[in-house]
Amino acid sequence: MTKLNKVTLNKRLLATGFAFIILCAGLIGFNHANIKVLEPSVANAATVTYTATANLNVRTGPSTANKIIATVKQGTKLTVTGKNVNGWLKVSLNGQTGYVSSKYVKISNSSSDAIQVVAKPESIPVLVNKKNKLPENYVPKDLVYTSIPFTFKEKTEKRKMRSEAAAAISKLFTESNKQGVSLLGVSAYRSHATQVALFDSYVKRDGYSKAITYSALPGTSEHETGLAIDVTGGNGKCAAQDCFGGTKEAQWLQAHADDYGFIIRYPKGKESVTGYKYEPWHLRYVGKSIAQTIMSQGITLEEYYYTRAVQK
């Protein structure tokens, strides 16, 4: 390279470097001058995302006397822009401002509220819980009426279970009777529509926060799988009530349910794992092998899947 070319190149590099320094200085100056513009406004910082826990109306004002401007479905995300005033929250929805009753919404959390749709809902040991829901409009294809006695006489969907589970519960009842333990069915299959109505009724009665501790959001109820059933003693007392725990019927189920492929789905002391309080009356069919593994180890269906995932 000639001496002239070297000089020219050096000048160009110097000019480029000088321009870069000026540009950086300009950007720094821009950032300092406009930092308040780039930060979120007070209004935006105050917004919180809520989730509708039931179908609810959005109104023009904080009262049922105000006009309805929209109706949102359960599970809809709402941006709340105002504080709770007399049980009503100010929300922004599709560019409109409205008000919803705080009784039917809860604060959302992107990590804790994430719910996955199960890939194989027809699987016998399918895991359905607060984090794993059934696909929309899922209906088991092999539902049949069980042959066991119930606390009621009507022939309703609550008597149904999937065929394999129905056969297993029949054997369980037959054997329990032979051993002097009388049982009655309380509630087996529940359609999605029934679960919606049931959960909504609990929310209206007890509020969302309490309802979610003992009832499942539609789509996350094991009863919708056709593989779960609530049972009680032959006298019909303590049906789906805490007083069932400790009875001879509950003790028999704890000791023998797995012989027929069932587990006590929500055992005592596992509330933090299952998300539900102890329910000695709630039986879930998973198949004999898995049931015996779960019951013998004193674990839950969640823990069973976690153990298998670690072993792989």
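Leu-283 touches Ile-169, Leu-172, Leu-227, Ala-228, Ile-229, Val-231, Leu-253, Ala-257, Phe-262, Ile-263 and Ile-264, with residues up to four places away in sequence not counted; contact means heavy atoms within 4.5 Å. The structure is a predicted model, in which local features need pLDDT of at least 70 and side-chain atom pairs count only at pLDDT 80 or more, while totals for chains, interfaces and linings use all residues. Residues are numbered from 1 along each chain as its sequence is written, and side-chain values use heavy atoms, with hydrogens and water left out.

The protein has nine helices and 15 strands. These elements are DSSP runs numbered from the N terminus, with helices (H or I) of at least four residues and strands (E) of at least two. Of the 312 residues in the protein, 40% are buried; buried denotes under 20% relative accessible area, exposed over 50%, and partly exposed the range in between (1.4 Å probe, protein chains only). Among contacts between residues at least 6 apart in sequence, 60% join residues at least 24 apart.

A nonpolar core is defined as a set of buried Ala, Val, Leu, Ile, Met, Phe, Trp, Tyr and Cys residues joined through side-chain atoms within 4.5 Å. The largest such core has 44 residues, of which Met-161, Ile-169, Leu-172, Ile-229, Leu-253, Phe-262 and Leu-283 touch the most other members. At least two residues of this core come from each of helix H3 (163-178), strand S13 (228-233), helix H6 (248-256), strand S14 (262-266), strand S15 (279-285), helix H8 (288-297) and helix H9 (301-311). H3 supplies the largest share, six residues. A second, separate core holds 20 residues, including Ala-52, Val-58, Leu-93 and Val-100.

Ala-228 lies in strand S13 and is buried, with a relative accessible area of 0%. Leaving aside neighbours within four places in sequence, Ala-228 is in contact with Met-161, Ser-187, Ala-188, Tyr-189, Glu-222, His-223, His-282, Leu-283 and Arg-284.

Arg-284 is placed in strand S15 and counts as buried at 0% relative accessibility. The side chain of Arg-284 makes a polar contact with the side chain of Glu-222 at 2.7 Å. A polar contact is a pair of N or O atoms within 3.5 Å; within protein, one must be able to donate a hydrogen and the other to accept it, and residues adjacent in sequence count only if both atoms are side-chain atoms. Beyond four places in sequence, the contacts of Arg-284 are Ile-124, Pro-125, Val-126, Glu-222, Leu-227, Ala-228, Gly-261, Phe-262, Ile-263, Arg-265 and Leu-301. Arg-284 and Tyr-266 are 18 residues apart along the chain, and their C-alpha atoms are separated by 9.4 Å.

Thr-146 is found in the loop between strand S10 (143-145) and strand S11 (160-162). Thr-146 counts as buried because its relative accessibility is 11%. Its side chain reaches the backbone oxygen of Arg-159 at 2.8 Å. Thr-146 touches Arg-159, Lys-160, Met-161, Ala-166 and Ile-169, not counting residues up to four places away in sequence.

One disulfide is counted, under the criterion of a pair of cysteine sulfur atoms within 2.5 Å. This disulfide joins Cys-238 to Cys-243, with an S to S distance of 2.1 Å. The torsion about the S-S bond is about -125°, so the disulfide is left-handed. Cys-243 is partly exposed, with a relative accessible area of 38%.

Grid points are joined across faces, edges and corners, and a volume is the space filled by probe spheres set on the points. The structure holds one cavity of 30 Å³ or more. The largest cavity contains about 40 Å³ of space and is lined by Lys-133, Leu-134, Pro-135, Glu-136, Tyr-138, His-192, Gly-219 and Glu-224.

The second largest pocket contains about 590 Å³ of space. Its lining comprises 28 residues, of which Arg-190, Tyr-202, Tyr-214, Asp-230 and Glu-279 lie nearest its centre. Strand S12 (183-187), helix H4 (192-206), helix H5 (208-214) and S15 are the elements that give two or more residues to this lining. H4 gives the most, with six residues.

Conventions: 1 Å grid on protein atoms, 1.4 Å probe; cavity = no way out; pocket = protein on both sides within 12 Å on 5 of 7 lines; lining within 4 Å.
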